[in-house]
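Here is a short report for a reader new to this structure. Look over the sequence and the model before reading on.

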Amino acid sequence: SLSSNRLRGRLEKINSKLHVSLDAFLKYLESISSQTSKDREILSKIMNNPMIKGQEHLEGLINFDDVEAKNLWSTKFGLEKFMVDWSTFRDVLCDFVGVKVTENEEKALRQILDNSATGCINIHKFSEFLKGFGPLRNCVDNVKKIISEKWFHGFLSLDEASKLLQTEPPGTFLVRFSQSKPGNFATNYVYKNNKDQKLHIGACLLYTSPSPRD
């Protein structure tokens, strides 16, 4: 539902801010040169907290099927870094694959990778993105190819898609970004119902990475 999508978006934004704040806080603590023995004792307890230590072992929690992608994240950001800001990620990705993106292409990439508009890309979203659009070296081109197809209509609502298809013959279809499941695609198509012999418009969700039910 719309309300659950909004809630999920808010939770992802909070999660992003918590990770970014935690990372900055730890760096600050480690950079203090005038630490007393008591300071070091407190810092040691913080750094050994299971919740914080867990951030240092993301490698074992994230399923990177693409070895190059894992190496890229590790080299450029570090596997202990759960997320990076969008502009930094975009520049690193585009530089690695050797392509430039237009404003519309970047908008599509962000819709898939950062569908809650947090302004950051996390390591989990990146690994899931590559399951649908990988391998790494082809992922940007794969997205660009999809959004350049005649049947792709970008940011349409269900009502808008239905209006476009209402005068079309059976078999006609279009693909758009899903509003109910941000980051995924939806297809709408025209078919004839055998019972009433009338034309109807159907809808189907297309996941960009393996469905949670799989």
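## Where two helices meet

Leu109, Ile112 and Leu113 in helix H6 are in contact with Lys125, Phe126, Phe129 and Phe133 in helix H7. By type, the residues of this H6–H7 contact comprise six nonpolar, no polar and one charged. The structure shown is a predicted model.

Two packed helices are described by the angle between their axes and the distance between the axes. H6 covers residues 103–113 and H7 covers residues 123–133. The two pack at an angle of about 115°, and their axes are 10 Å apart. H6 is therefore roughly perpendicular to H7.

Thr118 sits in the loop between H6 and strand E2, which spans 120–122.

Strands of a sheet pair through backbone hydrogen bonds, either parallel or antiparallel. Here, an open sheet of three strands runs in the order E3-E4-E5, and its pairing is antiparallel. Strand E3 (173–177) and E5 form the edges, each pairing on one side only. On average, neighbouring strands of this sheet are turned by 25° against each other, direction ignored.

Take the E3 side. E3 and E4 run antiparallel and are joined by five bridges. Val175 stands opposite Thr187 of E4.

Now the E5 side. E4 (residues 185–192) pairs with E5 (residues 199–206) over eight bridges, in the antiparallel sense. Tyr189 has Gly202 in E5 as its bridge partner. E4 and E5 form a hairpin with six residues between the strands. Which residue of this hairpin takes a positive phi near 60°? That residue is Gln197.

## How confident is the model?

The protein chain has a mean pLDDT of 78. Of its residues, 67% reach 70 or more. Which elements have the lowest and the highest mean pLDDT? Helix H3 (residues 50–53) has the lowest, at 49. Helix H5 (residues 86–97) has the highest, at 96.

One stretch calls for separate mention. Over residues 51–58, pLDDT stays under 50. For these residues the model has 17 contacts beyond four places in sequence.

Terms used:
Residues numbered from 1 in each chain as written. Predicted model: local features only at pLDDT ≥ 70, side-chain atom pairs only at ≥ 80, totals over all residues. Heavy atoms only, no water. Axes fitted to C-alpha atoms, helices over the stretch in contact; angles between N-to-C directions. Helix = DSSP H or I, 4+ residues; strand = E, 2+ residues; numbered from the N terminus. Parallel < 35°, antiparallel > 145°, perpendicular 65-115°, else oblique. Contact = heavy atoms within 4.5 Å. Nonpolar A, V, L, I, M, F, W, Y, C, P; charged D, E, K, R; others polar. pLDDT = per-residue confidence, 0-100. Pairing = 2+ DSSP bridges.
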